Amino acid sequence: MTITTDTSHPMVSDEYFQQWQDLIDLLAEFMQVPAALLTHVDENNQLAVMVKNRASTNPYQSNQKFDLTGSETYSEFVIREQKTLFVANAYEDTAWKNKYDPTLGMINYLGVPVTWPNGDPFGTLCVLDTKTHYYSELQLKMMVQLRNIFEAHLDILEQNLELEEVAKTLEYLANTDDLTGIWNRRAFIAQAETELQRTSRHNRTLCLLMFDIDNFKRINDLHGHNTGDEAIKLFTECIMNSKRAYDIFGRIGGEEFAMILPETDLDSALALAERMRECVDQLSLPLVSGENVTFTVSIGLTEYGEEDDGIFALLYRADRKLYEAKHQGKNCVVA
């Protein structure tokens with residue numbers, strides 16, 4: 001039988017690991033055995049000793065690993081069958097006397113399966129002894145209760161992971177323009193301010209571009225808002241494919257966009273802006289009617305100066321340059 005687990009489960013935190021170490025030490029003392037273990041099916045589908053009691057009588061090593069199938073260990077059986085295993089004395093049990101654990105002198109075993117909330121095997125909780133050992137009802141209850149504690153911790157870890165994923169999703173939605181998938185105005189401003197502070201602190205160069213799709217209202221009026229949305233998405237794809245990985249691009253209005261160019265002087269920014277303008281000039285959006293919608297973009301460009309006290313100073317100046325580009329006939333870059 002092949003045993004596989006979902007690798008999307010969270011990692012165990014250091015806080016829980018320390019708690020588990022203390023619990024395993026207490027378990028060995030309460031059960032009066034030389035060895036107590038919490039084993040775990042790791043990301044490579046191997047059975048690993050995750051936590052062991054710290055007594056010198058324990059022959060197992062932390063992070064000791066076994067193949068999950070074919071290891072012939074007691075714990076492999078518990079994980080495969082997902083049920084409790086008790087072996088009073090392996091030397092007297094033909095099913096176990098020639099297996100791995102008895103070669104370490106561990107002829108006595110009591111182990112219970114530990115599972116993730118969705119039922120995936122986590123591993124086993126077990127105690128082992130070098131002599132025949134029978135356990136009291138109280139000790140058996142202790143094993144079950146301790147297993148329940150470990151599984152409760154796993155449930156909390158899963159819930160925390162889900163909450164982290166929800167938080168990431170909410171953050172993405174809060175910062176992303178829902179039509180284009182790039183930064184929205186609020187997020188762009190925040191990212192730009194951070195980059196501007198870094199530029200000022202290290203006395204570096206930076207430029208800002210402001211884009212406006214030319215005659216965009218005409219596209220909406222002639223072909224409808226759905227076509228307008230498709231034009232915006234096509235424009236965004238063009239710019240995203242033209243920009244550098246570290247440039248910061250966001251949608252700050254209906255058909256208005258802005259981009260921060262870190263570590264870039266005016267001449268380099270002008271050359272990059274021209275390439276972007278040319279890219280947009282070559283776009284063609286096919287319609288179901290057989291027509292093709294083409295459009296252009298006007299770009300305003302400004303460079304960061306020591307007198308600029310924030311991103312809005314650059315945005316204002318770039319907007320004025322954009323206004324000039326519109327009045328120069330559109331489809332151009334003005335710096």
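Is R277 buried or exposed? In this predicted model, R277 counts as buried, at 14% relative accessibility.

R277 sits in helix 8, which spans residues 266-281. Setting aside residues up to four places away in sequence, R277 touches V297, I299, N331, C332 and V333. Its relative accessibility of 14% places R277 in the buried class, because buried means under 20% relative accessible area.

L23 belongs to helix 1, residues 14-31. With a relative accessible area of 22%, L23 is partly exposed. Once neighbours within four places in sequence are left aside, the contacts of L23 are L146, I149 and F150. I149 is 126 residues from L23 in sequence, and the C-alpha atoms of L23 and I149 are 9.8 Å apart in space.

## Helix 5 against helix 9

Helix 5 (residues 185-201) packs with helix 9 (residues 311-327) at an angle of about 110°. The axes of helix 5 and helix 9 are 9 Å apart. Helix 5 is therefore roughly perpendicular to helix 9, because angles of 65 to 115 degrees count as roughly perpendicular.

On the helix 5 side, the contact is made by R185, F188, I189, A192, E193 and L196. Helix 9 contributes I311, F312, L314 and L315 to this contact. By class, the residues of the contact of helix 5 with helix 9 are 8 nonpolar and 2 charged, with no polar residue.

## Helix 6 against helix 7

Helix 6 covers residues 216-223 and helix 7 covers residues 225-242. The two helices pack at an angle of about 140°, and their axes are 7 Å apart. This angle makes helix 6 oblique to helix 7.

F216, I219, N220 and H223 make the contact from helix 6. From helix 7, the residues involved are H225, T227, G228, A231 and I232. The contact of helix 6 with helix 7 comprises 4 nonpolar and 5 polar residues, and no charged ones.

## The second largest pocket

The second largest pocket holds about 160 Å³ of space. Its lining consists of D214, N215, R218, I219, L222, H223, V293, T294, F295 and T296. Helix 6 gives the most to this lining, with 4 residues. I219 and H223 are among the residues that line the second largest pocket, and I219 and H223 are also among those through which helix 6 makes its contact with helix 7.

Sorted by class, the lining of the second largest pocket has 4 nonpolar, 4 polar and 2 charged residues.

## The cavity

How many cavities of 30 Å³ or more does a search of the whole structure find? The search finds 1. About 90 Å³ of space lies in the largest cavity.

The residues lining the largest cavity are L37, T39, L47, V49, Y60, F66, T73, Y74, S75, D101, Y109 and L128. At least two residues of this lining come from each of strand 1 (35-41), strand 2 (46-52) and helix 2 (74-81). The lining of the largest cavity divides into 8 nonpolar, 3 polar and 1 charged residues.

Notes:
Residues are numbered from 1 along each chain as its sequence is written. This is a predicted model: local features need pLDDT of at least 70, side-chain atom pairs count only at pLDDT 80 or more; totals for chains, interfaces and linings use all residues. Side-chain values use heavy atoms; hydrogens and water are left out. Buried means under 20% relative accessible area, exposed over 50%, partly exposed in between (1.4 Å probe, protein chains only). Contact means heavy atoms within 4.5 Å. Axes are lines fitted to C-alpha atoms, for helices over the stretch in contact, and angles run from 0 to 180 degrees between N-to-C directions. Angles under 35 degrees count as roughly parallel, over 145 as roughly antiparallel, 65 to 115 as roughly perpendicular and the rest as oblique. Ala, Val, Leu, Ile, Met, Phe, Trp, Tyr, Cys and Pro count as nonpolar, Asp, Glu, Lys and Arg as charged, and the others, Gly among them, as polar. On a 1 Å grid over the protein atoms alone, a cavity is a set of points where a 1.4 Å probe fits but cannot get out, and a pocket is an open set with protein on both sides within 12 Å along at least five of seven lines; lining residues have an atom within 4 Å of a point. Grid points are joined across faces, edges and corners, and a volume is the space filled by probe spheres set on the points.
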